[in-house]
Amino acid sequence: MPSTTYLEAIREGLWEEMERDPNVFCIGEDIAEYGGAFKVTAGFLERFGTRRVVDTPISEAAIAGAAIGAGLMGLRPVAEMQFADFISCGFDQLVNFAAKCRYRWNAPVPIVVRAPSGGGIHGGPFHSQNPEMWFVRTPGLKVVCPATAYDAKGLIKAAIRDNDPVIFFEHKGLYRRIKDELPEEDYTVPIGKAKVVREGRDLSIVTYGAMVWTALEVADRLAAEEGASVEVVDLRTLMPLDRDTVCASARKTGKVLLVHEDTRTGGMAGELAATINEGAFEYLDGPILRVTAPDTPIPFSPPLEEAFLPNADKVLDKARWLYRY
Amino acid sequence: MNAVHATSADAQHAQEEGLRAELAHKFLYYMSLMREVEDRIERKLYRQGKVVGGVYVGRGQEAIPVGSALCAEPEDVMLPSHRDMAVFFIRGVSARRVLAQYMGRVDGLTRGRDGNMHMGDMKAGVVSIISALAATVPVAAGVALALRYQGKNGVAFSYFGDGATSRGDWHEGVNLATVQKLPVVFICNNNQYAYSTPLHMQMACANVADRGAAYNMPSEIVDGNDVFAVYEATRRAAAHARAGLGPYMLECKTFRMTGHSAHDAAHYVPKEMFEEWGKLDPIVRLEQRMLEESWAKRDDLDAAQAAVKAEVDDAVAFADRSPWPDPATLLENVYQNE
């Protein structure tokens with residue numbers, strides 16, 4: 001079985017859901033003949049036609065709104081934001097309408113909004129952001145951030161089958177960098193479930209998205225350096241948050257390092273720290289620490305972007321300090 | 001013309017007259033019901049503290065929702081604005097449930113989760129209003145896309161005011177609908193004020209309909225206070241959309257005979273405008289026409305109004321008896337199965 005990249009995994013998941021369910025269709029900019037800016041929907045037009053692969057004008061509000069309207073009618077649209085950064089143009093539709101429909105008037109909105117996010121590709125301030133927290137703090141939306149090809153495929157399929165609106169953040173830096181052997185058979189990965197991707201006893205690193213790979217590298221290095229046993233928790237879904245898995249890991253190791261590529265203030269780490277205080281405080285043997293991007297826009301020039309992004313060296317420094325604490 | 005033909009033409013004419021009379025009675029019922037429910041809300045229940053929060057009425061604009069929504073086929077989907085209450089009645093939502101909605105009770109369409117006209121019911125084919133009205137326009141495009149996708153011959157009726165046409169998402173939605181040739185009827189109630197902002201501060205063109213040309217979308221100006229004119233125009237628009245020719249816009253000229261909401265005295269509106277437009281009240285005009293055409297006698301009209309009042313009395317009593325939502329349900333239904 002050949003290895004499948006993260007990007008191909010998303011593409012496969014989307015393709016299989018369109019084959020499985022005639023109510024699933026794609027809508028977005030440059031997704032049909034061009035196959036999408038990142039080629040996730042390359043070949044879809046030839047297979048599914050213009051009815052199910054709908055190219056739109058440059059109109060993120062219209063894409064989001066039309067997806068919601070079609071979702072209310074019982075279809076299962078998958079909307080593509082060309083870059084996650086542009087989702088702000090469709091923000092009102094998602095946070096003011098889609099998120100509230102079920103709660104307000106009992107109307108399900110089974111849509112998926114795919115949003116290629118993340119830095120490290122020299123995209124600059126308008127093509128590198130991690131805007132997940134805009135949506136995490138909007139009750140009614142689900143927010144998914146897969147780190148592996150396996151999870152990316154399983155989560156896109158779960159998102160399409162889900163009866164609530166799901167914002168699906170796919171990390172651009174992972175698109176072609178990582179691979180998995182994927183099962184032949186149909187599978188999904190449950191939304192709302194974190195995963196312990198590496199078992200450990202001494203310290204937990206809780207993270208998501210591309211930083212899972214950074215955390216795994218740090219776990220290896222700290223084991224080699226100090227003989228530390230590091231646990232790595234991949235959140236996979238940010239909302240609904242799997243607080244049980246996070247607290248269970250904190251209770252087990254007693255030391256927690258939180259890592260995300262998103263900026264610091266109002267980032268996921270703050271919510272996780274409060275969650276651990278509420279659920280595992282008496283088990284802690286050290287302060288909850290975090291490594292995040294600083295509170296700045298994402299800069300373009302390579303030395304600036306490198307300084308901005310968390311990396312293994314930065315995470316290792318904090319992990320070592322906490323391990324020795 | 002021989003005698004047989006003359007007789008059948010007469011019969012046809014009589015039949016058409018009968019249908020028009022019947023239609024006029026329907027118009028009158030729904031327009032009067034909307035007027036009475038809204039009067040009761042704004043002038044009684046709101047002042048009594050039984051309706052809290054924002055109250056926005058469509059007094060003087062009733063011909064627009066009534067004339068248009070009565071053209072809709074069962075598979076059409078309505079996206080009303082907050083000044084289109086009659087759309088709900090025409091779609092089978094009772095005055096009882098509308099009043100319970102306004103009073104925050106469990107029998108309202110949102111079970112107390114939202115107030116006033118912020119409600120919808122997909123089973124009735126009515127999409128909930130989005131408070132910032134222009135946002136419903138892209139949603140209408142999506143509804144129309146789904147109708148076509150599903151092989152239905154339905155049309156989306158997308159309602160908004162003049163102010164909504166200033167927003168970017170209005171233009172995005174109209175553009176997508178026209179590019180995709182989607183079956184949408186756009187219905188603007190141009191009541192000349194968006195909150196306190198008059199039309200000339202809202203847009204540099206004279207008519208909302210002028211905006212249609214930029215989208216290659218047929219757009220016509222309609223007397224929004226003449227329910228027959230709204231009805232006929234909507235039939236043309238819906239036929240166009242249903243035939244696969246793309247969206248069609250109606251600009252129904254009218255006037256907001258109140259402030260923006262119950263807490264707004266509208267001191268910024270020149271008094272003469274209220275006087276001038278007051279003479280064009282769509283319900284008064286319809287009643288006059290019904291008398292002139294001998295579709296009804298004054299007694300019939302009085303009886304119809306009395307029946308509406310009785311219906312609203314009952315609806316208010318129902319809503320007043322409807323339970324408050326249980327705070328224990330606060331967390332329910334944010335997501336499925338929670």
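## Contact between chains A and B

In this predicted model, chain B brings 33 residues to its contact with chain A, and chain A brings 31. On the side of chain B that touches chain A, two helices each supply at least two residues: H5 (136-149) and H6 (168-179). H5(B) gives the most, with 9 residues.

What is the make-up of the side of chain B that touches chain A, in nonpolar, polar and charged residues? The nonpolar residues number 19. Another 9 are polar, and 5 are charged.

## Overall form of chain A

Chain A holds 11 helices and 14 strands. Its radius of gyration is 19 Å, close to the 20 Å that the globule rule gives for 325 residues, so chain A is as compact as a globular protein of that length. Along the principal axes, the C-alpha atoms of chain A fill a box of roughly 60 × 40 × 40 Å.

## Two domains in chain A

Chain A splits into domain 1 (3-181) and domain 2 (195-324). Their C-alpha centres lie 26 Å apart. The contact between them takes 25 residues from domain 1 of chain A and 23 residues from domain 2 of chain A.

Which elements of domain 1 of chain A each supply at least two residues of the side that touches domain 2 of chain A? Two are helices, H5 (132-136) and H6 (149-161) of chain A. The others are strands E6 (142-144) and E7 (166-171) of chain A. This side of domain 1 of chain A divides into 12 nonpolar, 10 polar and 3 charged residues.

## Helices H8 and H9 of chain A

Domain 2 of chain A spans residues 195-324. Helix H8 (residues 243-253) and helix H9 (residues 268-280) of chain A have axes that come within 9 Å. The axes cross at roughly 65°. The crossing is right-handed.

Which residues make the contact of H8(A) and H9(A)? From H8(A) come Arg243(A), Val246(A), Cys247(A), Ala250(A) and Arg251(A). H9(A) answers with Leu272(A), Thr275(A), Ile276(A), Gly279(A) and Ala280(A). The residues of this helix contact divide into 6 nonpolar, 2 polar and 2 charged. Arg243(A) and Arg251(A), both of H8(A), are among the contact residues, and Arg counts as charged.

How values were computed
Residues numbered from 1 in each chain as written. Chains lettered and ligands numbered in written order. Predicted model: local features only at pLDDT ≥ 70, side-chain atom pairs only at ≥ 80, totals over all residues. Axes fitted to C-alpha atoms, helices over the stretch in contact; angles between N-to-C directions. Helix = DSSP H or I, 4+ residues; strand = E, 2+ residues; numbered from the N terminus. Left-handed = near helix turned anticlockwise from the far one by under 90°. Contact = placed C-beta atoms within 7 Å. Domains from an automatic or database assignment. Rg over C-alpha atoms; globule rule 2.2 N^0.38 Å.
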